[in-house]
Amino acid sequence: MSNNSIVLHRNVVGETIRRVLLASACGFIATTASVAQAADAEVDGLDQVVVTGTRLGQTGFSTPTPVTVIDGAAMQDMGITNAGVAINQLPSFRATTTPTTNGWGSFNVGAQVMNLRGLGASRNLVLVDGRRAPPVTKEGTVDLNMIPSGLVQRIDVVTGGASAQYGSDAIAGAINVMLDHSLNGIKGAVDYGVTDEGDGEGWHVELAGGGSFADGRGHFLLGGEWSKEGGVGTCFTRSYCKGGVMISNSRNPASGGIPGLPANLRFNEGGGYFANTNGVVTWLNNPAAAQAVYDLFGTRSITFTDDGTPIPYILGNPTGGLSTVGDAATSGMTFAELQVPVERYATFGHAYLDVTDNLRLFVEGSYNNVDGEVIQARYFNGNTKFSEIYADNPFIPAALRAVIGPISATPSGTRPTASTFNLSILGQRRGFSQSEATSYRVATGFDWKLGERWNADGYYQYARTDRFQSVENAVVTGAPLLVNQPGNAGLSNPNSFAYLSWALDAVYDPADAALPEAQRDIICRATISPDAALRAAAAGCVPLNLFGSANTNPAALDYAFRTLEEDANITQHAVGLNLVGDVVDLWAGPLRMGIGAEFRRDSSELVHDQLANVFAYFQNYGADYSARQTVSEGYIEANLPLLTDAVAAKSLILNGAVRYADYSVSGFGGFAQRNESASFDATTWKVGLVWEPLDWLRTRITLSKDFRGPGLNERFAASAANFGTVLNPFTGQQEGPPQRTGGNPQLGPESSRTTTFGLVLQPPVIPGLSFSADYFDIKIDDTIGGAGGAQNIINRCFDGNQDMCALVTFAPDRSATEIASVSLNLQWQKLRGFDVETAYTLPLSQFGDFAGTLNFRLLATRILESASSVFDVVTENTGATGGGGPAKLVSTLFVGYANGPFQGNIQARYIGKGTMNANWYDPSDPEYADLLARNSNDTVDDNHVASFTTFTANASYRFGRDDRYQLFGQITNLFDKSPPSVPSTSAPSSATWFDLVGRRYRMGVRFEF
């Protein structure tokens, strides 16, 4: 079959599926909810499903900490083929790291990393079968791509602090993925998906089998899953995309601003960078000496045709930073992909043997691979050292040469102190980023029944992940900061490897001075430097002509663009032992206790290419580092019944837990790149009370102290160098000091206090109804994070903050020579709100001769406050769906219908209206006029982000003998709803909150034997 035939065949398949599913969407309304607290089981009785949240074996409704359960069978009914996708259906999660948010990324491309409550992926703990899942990223997070979705029995989500039960990282809660170990027979599935536009094609295949051995005393399970999801192009492949940009308005015409207007101006259509692949020269990024160049046509800006001929360039009004409005702008949205391609396979095996009636041994293993890739934006360079053009550059077009003056045939080998003008340019090559992770895990352990009252279990687990990340065509701009290397870092330093800068600084070869100009060789100035070391480092440099894309020499691009690489090896050894049982029978029931100890050793080793190790790429993974930590922990948990069948309470139960953890950390790296070690310990606790005054009413409250130890990457990530300028308040000058970023070995742990209280209702007057509402209040102290950038650091130092002054290195004249913008233990972060969950099962037979059952389930999260404090500056971001904040209200409603072999459901997901920035004021706010009059930076012309509702339809039908086959289909974003406008230089809306891809279809078949 020819390639054209293959493409045609795929298009026919995709179009057929789209038509079949879209036509059938009108023929049903929903079935069982895919996200439920094991609805049917717990509606009929509170004590039928044991879930996470305690080590003592209680149910989701009876635990003091709220627990939400995603049923694995319902996941399949919804056509969900990835555990991460299922979890992100819950309103309490924020989808910050998924294939639809990686469009500009180069780290962990294609990963499904969970972010509970939006507090950060490192602040929720992921468990598999109750055991801590090993990290698969250098940040210490878990990629849910690694879990075969077809083997998921259920997923328990503890939406409250759980450090006392499970250890570090569980500040926001814990996610426990429970796998099905009891499969007998063979089951599998094949399905295909495609978008309404015909892109984003995806195939998914799963197969698993299990059975008994040793006369029924043993059981084995083997399963695997493969999926390949295609990419989706930029937003301009969608009709809703009109470009758009947010521009910072300086209100100073001399810098492109407009007086009298707010500080932030929103354009929902048009706009982008004042740069292109042929280069732009403008008065905004050039000194006054370049006026003859940028005002060549009286427009104060010029650009070039593909062959390098200068032509006028018309800047929009306003222009701010690197952005402008109007037709001449280059939209950054032409680069970011809406969905990156991801291919993955996940395998899992488990076997157990009952050695005796009381002792079971098990062994299990998994092997997984995830490969994601993305074509990045073009490299941009504006008013920096990497876009400077000097008067003796032979590539300068003749029309500019006429106003600059004659060129020297005998140029100096030393670079001039000032450039003639700068180019704002988008590089002729786009980076190709790839992230491939291969991980394997083996575990063995036991379950031992000790008499009638006690049970013991233990395990040993080893896991390793090899993650290779690379960026082809990463531009080598040179290292402004060289750690532990001699000499002054800079573009004339041979150790900086400033390939782009050396290639751009082209001159005539002085040896050809006697030849006619047309016969002279053009060389890189660095190759004739009086510094022999610089000449040696620049050997092989190929001059780069950026005036017109047609004039660019591919060999020069090969010289300036290289392949950035990072090879990470992440390992973990873990041992755990737990003992649970009834200690004594008391007046209201048995005192149940659990006690356990855990030990783990984590290590990370990262290796990079030579240029990365001196931070020579504009984009950097950082330099090599290696680190390890050992953690020893012990915990005790108790469940004390206080009342049972009393006048004031059907039951009253007190739950408490305490955990002690001891950490020892050592490694080489951090922003100073040296050997460091540290140790610390932490004690966490939790107290909960469950009061059941009536058979159908429960109330619950918990207080907890939780913690998170700094990750190895947060401590030892080697310093990368950022490029940028700061306004130094000590000198009043714009300066560009090298900036150290990266890990800080001196970090301490975070601690948090969490309060939750709520109620659970199952009123007998409405059979089949259950309702829960829970309030949560989380405050994190000593939050690990950035200090707000180099500008904030030097501003706070100027204000007298000595901690910030310690991060700045000053010259005698108070100019800044270096700023360490590294992670710190900051002040606090807090989040308050409440969760609501209700489910209702309605058999239609009670209304007469009707068949089937209707099911309703609603989950909602309302955020009351989301704020942080850094150096006594409090930032509120509640409802900032246009920025980094949480939506005020997120809800998911499932309405379903089931009748025999058929079931279908419709899911409605609602994101409440929000703001671009919770700290901005627009004309609808009473404070706006006063702030505008005071030229406040917190003003904007339109701060509103519209609400967003999408619908997903699913249907399935079982057929064949014993219903062993199932045909299923899904339509996501049923009505092809366009996202609300949230303009930026890179995206038309927020991929975290809104669906940017549009309507998608999936159809497949499952089988069981």
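**From a nonpolar surface patch to cores and salt bridges**

Strand 7 (202–213) and strand 48 (948–959) each supply at least two residues of a nonpolar patch, where strands (E, at least two residues) and helices (H or I, at least four) are DSSP runs numbered from the N terminus. This is a predicted model, in which local features need pLDDT of at least 70 and side-chain atom pairs count only at pLDDT 80 or more, while totals for chains, interfaces and linings use all residues. Residues are numbered from 1 along each chain as its sequence is written, and side-chain values use heavy atoms, with hydrogens and water left out.

The patch covers about 570 Å² of surface and is made by Val-190, Trp-203, Val-205, Tyr-957, Phe-959, Leu-967 and Val-1005. Patches are made of residues with over 30% relative accessible area and no salt bridge, like charges being joined within 9 Å and nonpolar side chains (Val, Leu, Ile, Met, Phe, Trp, Tyr) within 5 Å; accessible areas come from the Shrake-Rupley method with a 1.4 Å probe, and for residues only the protein chains shown count as cover. Phe-959, found in strand 48, is partly exposed, with a relative accessible area of 36%, given that buried means under 20%, exposed over 50% and partly exposed in between (1.4 Å probe, protein chains only).

In soluble globular proteins, nonpolar side chains tend to be buried together. Here the largest nonpolar core has 53 residues, and those with the most contacts inside it are Val-281, Phe-421, Leu-423, Trp-502, Leu-544 and Phe-547; such a core is a set of buried Ala, Val, Leu, Ile, Met, Phe, Trp, Tyr and Cys residues joined through side-chain atoms within 4.5 Å. Helix 8 (residues 499–504) gives the most to this core, with 5 residues. A second, separate core of 38 residues includes Ile-87, Val-157, Ile-175 and Leu-183.

Thr-420 lies in the loop between helix 7 (398–404) and strand 20 (421–422) and, at 18% relative accessibility, counts as buried. A polar atom of the Thr-420 side chain lies 3.0 Å from the backbone nitrogen of Ala-391. Not counting residues up to four places away in sequence, Thr-420 touches Ala-290, Ile-389, Tyr-390, Ala-391 and Ile-404, contact meaning heavy atoms within 4.5 Å.

Side chains of opposite charge can pair when their charged atoms come close. The count comes to 39 salt bridges, each being a side-chain nitrogen of Lys or Arg within 4 Å of a carboxyl oxygen of Asp or Glu. One of them joins the side chains of Asp-392 and Arg-525 (2.8 Å, N to O). Asp-392 lies in the loop between strand 19 (388–389) and helix 7, and Arg-525 in the loop between strand 24 (522–524) and helix 9 (532–537), so the pair ties together parts that are 133 residues apart in sequence. Both partners are buried: Asp-392 has a relative accessible area of 11%, and Arg-525 one of 1%.

Another salt bridge brings together the side chains of Arg-429 and Asp-558 (2.8 Å, N to O). Because Arg-429 lies in strand 21 (residues 425–450) and Asp-558 in helix 10 (residues 554–560), this pair ties together parts that are 129 residues apart in sequence. Asp-558 is partly exposed, with a relative accessible area of 44%.

Definitions and conventions. A polar contact is a pair of N or O atoms within 3.5 Å; within protein, one must be able to donate a hydrogen and the other to accept it, and residues adjacent in sequence count only if both atoms are side-chain atoms.
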